[in-house]
Amino acid sequence: MKKRVLAGLLIMTMLTAMTGCGSSEGAKDSGEKTYTIGIEQFAEHGSLDNCREGFLMGLEEEGITEGKNLKVEYKNAAADMGTAGQISDSFVSGKVDMICAIATPSAQSAYNAAMDSDIPVIYTAVTDPVQAELSDKEGNSVGNVTGTSDKLPIDAQLQMIRKLLPEAKKIGIMYTTSEANSVSAIAEYKELAGKYDFEIVESGITVTADIPLAADDLLSKTDCLTNLTDNTVVASLPTILEKANEKKIPVFGSEIEQVKLGCLAAEGLDYIALGKQTGKMAAQVLKGEKKAEELSYETITEPGFYVNTKVAENLGVTVPQELSDSAVESFSEISK
């Protein structure tokens, strides 16, 4: 009898332990499908961080929530292509359900790594998916990959710069020669600059260490600088702003975070909204409603005007009332 009692207690203990393990799985215990997404972000700066935040918000709005039915593996490439390749390979070998690639270099890396697998790649903050060879000219996917573009509203940016700096002639642009998105944006700037009586002075860099000298060179030749969504350059924005401020030369941003940091103004995108849009696309793929290859890439078509009135004051720039009235957001201080 004593042996039977002990055996019974042992069985109950094992069942309790098994029940405890099951409850820790949460969604599995309830029979709900769970997903694992590998998020590969090319560099650490505000706009890409906002994309990531928005992506998870978009998924959550579609019922896919981190810690409930979603596991997220996040890795940052620190603006290094070699690291990006290693991250992509690790996600593929780890057999994640999806890779979310943030910025063009990571999107290209992830697609190349996942090409021979059944893992879909959803990208965001890719300025020109066609130039990056992630889409054809009609906007159709080239494989098991799709996402959202942060194509710059370049015409609107040039128009805004002309209104703020009516006497300016030369705009300097620094860009990374290996980033397809930047090469594409430079070409469009050159095409449209004459419309507003501007000349574009460009400076190509290959690594972060090139930026200080390139900034000095551009600042000696131009009336202002404007940023692209170039990941290497944006990551060094504080250095560029410090040099520009010493010479009282305005720097224009490409999105809200750059204006917060000290750029004068931007006709830019809301990267949280862009990330949300991407998350909703990803949810369709995860739920089996669509395959990535069936979804054309999407863009946000309406830019917003952002201005830093403190920077304007420091530079002695008058912001026209029509621009002030149209601002989505204005800032009276510079973020540190």
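1. Start with Gly 262. Gly 262 counts as buried because its relative accessibility is 9%, where buried means under 20% relative accessible area, exposed over 50%, and partly exposed in between (1.4 Å probe, protein chains only). Gly 262 is found in the loop between helix H10 (256-261) and strand E10 (265-268). Helices (H or I, at least four residues) and strands (E, at least two) are DSSP runs, numbered from the N terminus.

2. A word on the basis. This is a predicted model, in which local features need pLDDT of at least 70 and side-chain atom pairs count only at pLDDT 80 or more, while totals for chains, interfaces and linings use all residues. Residues are numbered from 1 along each chain as its sequence is written, and side-chain values use heavy atoms, with hydrogens and water left out.

3. Which residues does Gly 262 touch, leaving aside its neighbours within four places in sequence? They are Leu 241, Val 311 and Ile 334; contact means heavy atoms within 4.5 Å. Ile 334 is 72 residues from Gly 262 in sequence. In space, the two C-alpha atoms are 5.5 Å apart.

4. Next, the sheet. Four strands form an open sheet with parallel pairing, in the order E7-E6-E8-E9. Two strands pair if DSSP finds at least two bridges between them. Strand E7 (199-205) and strand E9 (251-252) are the edge strands, each pairing on one side only.

5. Inside that order, look at E6 and E8. Strand E6 (residues 170-176) runs parallel to strand E8 (residues 224-226), and two bridges join the pair. Gly 172 has Leu 225 in E8 as its bridge partner.

6. Now a helix pair. Two packed helices are described by the angle between their axes and the distance between the axes. For helix H7 (residues 211-219) and helix H9 (residues 237-246), the angle is about 35° and the axes are 10 Å apart. Axes are lines fitted to C-alpha atoms, for helices over the stretch in contact, and angles run from 0 to 180 degrees between N-to-C directions. The crossing of H7 and H9 is right-handed: the near helix is turned clockwise from the far one by less than a right angle.

7. What meets at this contact? H7 brings Ile 211, Pro 212, Ala 215, Asp 216 and Leu 219. H9 brings Thr 239, Ile 240, Lys 243 and Ala 244. By class, the contact has six nonpolar, one polar and two charged residues.

8. Salt bridges come next. The structure holds 14 of them, each a side-chain nitrogen of Lys or Arg within 4 Å of a carboxyl oxygen of Asp or Glu. One joins Lys 276 and Glu 61 at 3.4 Å, N to O. The pair links distant parts of the chain, 215 residues apart: Lys 276 is in helix H11 (residues 271-286) and Glu 61 in helix H2 (residues 46-61). Lys 276 is partly exposed at 25% relative accessibility, and Glu 61 is partly exposed at 46%. Both residues belong to a salt-bridge network that also includes Glu 62, Lys 280 and Lys 287.

9. Where does Lys 195 lie? Its salt-bridge partner is Asp 155, with the closest N and O atoms 2.8 Å apart. Lys 195 lies in the loop between helix H6 (180-193) and E7, and Asp 155 in helix H5 (residues 154-164), so the bridge ties together parts 40 residues apart in sequence. Lys 195 counts as exposed because its relative accessibility is 56%. Asp 155, at 24%, counts as partly exposed.

Technical notes
Ala, Val, Leu, Ile, Met, Phe, Trp, Tyr, Cys and Pro count as nonpolar, Asp, Glu, Lys and Arg as charged, and the others, Gly among them, as polar.
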